[in-house]
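The text after it goes through both in turn.

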Amino acid sequence: MKSIIVFLVVTAIAFTFGIFAGWDSVKVGSYSAFFVCVVIAMVVNWLVFLPSAAAKSDKFYDTTGAITYLTVTAFACWAAYNAFGSLDTRSIVIAAMVAIWCIRLGSFLFIRIHAMGGTDSRFEKIKVNPARFLVAWTLQGLWVTLTASAALVAITSSERAPIDLFFWLGAAVWVIGITFEAIADAQKSAFKKDPANKGKFIDVGLWKWSRHPNYFGEITLWTGILIMAIPVLSGWSWLVVISPIFVTLLLTKVSGVNLQNKQAKERWGDDPEYQKYRKNTPALIPMPPSA
């Protein structure tokens with residue numbers, strides 16, 4: 001019963017957010033395009049949940065997340081094109097940014113999950129419980145909704161704005177973010193593949209400047225997209241400022257940093273070198289090593 005209540009609450013939050021944040025989006029029938037994007041995000045995850053629950057498998061969880069981002073972004077572009085007869089530069093660039101990020105990260109996660117045998121330890125206990133597993137898929141729909149909200153609202157906004165300082169500043173911030181994330185992921189993958197590093201913690205490359213440079217990059221790139229969206233935000237659509245805030249809270253308070261810190265302490269908590277690394281290296285924002 002608890003899982004069903006959580007499912008209903010999460011769904012209500014997603015749809016309510018879609019109604020208000022999309023108040024200035026172009027219309028698709030009687031509904032705002034942004035609201036329809038939210039519905040699509042939820043439905044895609046519910047549909048994939050069905051065979052996944054039957055098979056008690058989380059194999060396609062991350063892949064479905066990537067597909068959801070691409071689907072709602074494509075729909076937002078279609079809705080804007082249908083309303084205006086064309087897409088403006090801001091919409092095209094933002095859509096491309098989401099697609100580039102999604103394809104890169106989605107491919108990385110797909111390769112990683114298959115390297116681990118096609119399963120993720122996070123789902124070991126919940127994938128055998130259909131109600132709890134449904135909550136996980138519903139939360140992924142909400143995750144896509146909140147994270148991509150600034151991008152989707154910017155693309156579907158009924159107002160257009162010329163290319164300005166916000167566009168270029170946001171684009172620069174996004175480039176910094178995607179670069180950090182991609183390089184950090186590549187460095188960690190290379191580190192893990194080296195047999196000489198088996199059982200060791202990574203403290204080289206960007207990981208020497210931050211204990212979680214990939215998360216810094218993730219937060220930064222969504223901040224960049226929000227900055228690019230600012231000129232077309234008004235009224236309730238300002239709710240999309242939650243995009244980078246949500247990503248930050250998710251990666252620092254819910255999973256991400258907290259989860260990895262716990263795992264790291266279990267593995268290397270008594271290692272003097274790891275203790276020194278934790279003391280001298282920022283958790284998130286990259287800084288030159290202090291020692």
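A salt bridge is counted where a side-chain nitrogen of Lys or Arg is within 4 Å of a carboxyl oxygen of Asp or Glu. With that cut-off, this predicted model holds four salt bridges. Three residues, Arg-104, Glu-181 and Asp-185, are linked in a network of such bridges.

Arg-104 forms a salt bridge with Asp-185, and the closest N and O atoms of the two are 2.8 Å apart. This pair links distant parts of the chain, since Arg-104 is in helix H4 and Asp-185 is in helix H7, 81 residues apart. Arg-104 also meets the side chain of Glu-181 in a salt bridge, at 3.3 Å from N to O. Glu-181 lies in helix H7 and Arg-104 in helix H4, so this pair ties together parts that are 77 residues apart in sequence.

Next, follow helix H4 to Arg-90. Which residue does Arg-90 form a salt bridge with? The partner is Asp-164, and the closest N and O atoms are 3.6 Å apart. Here again distant parts of the chain are linked: Arg-90 belongs to helix H4 (residues 89-115), while Asp-164 sits in the loop between helix H6 (149-156) and helix H7 (165-193), 74 residues apart. Arg-90 has 1% relative accessibility, so Arg-90 counts as buried. Asp-164, in contrast, is partly exposed, with a relative accessible area of 23%.

Now turn to the cysteines. A disulfide is a covalent bond between the sulfur atoms of two cysteines. How many disulfides does a search of the whole structure find? The search finds zero. Cys-37 is in no disulfide, and the nearest cysteine sulfur, that of Cys-77, is 9.1 Å away. Cys-77 is likewise in no disulfide, with the sulfur of Cys-37 as the nearest cysteine sulfur. The pair does not count as a disulfide because the two sulfur atoms would have to be within 2.5 Å, and they are 9.1 Å apart. Cys-37 counts as buried at 1% relative accessibility, and Cys-77 counts as buried at 15%.

Conventions. Residues are numbered from 1 along each chain as its sequence is written. This is a predicted model: local features need pLDDT of at least 70, side-chain atom pairs count only at pLDDT 80 or more; totals for chains, interfaces and linings use all residues. Side-chain values use heavy atoms; hydrogens and water are left out. Buried means under 20% relative accessible area, exposed over 50%, partly exposed in between (1.4 Å probe, protein chains only). Helices (H or I, at least four residues) and strands (E, at least two) are DSSP runs, numbered from the N terminus.
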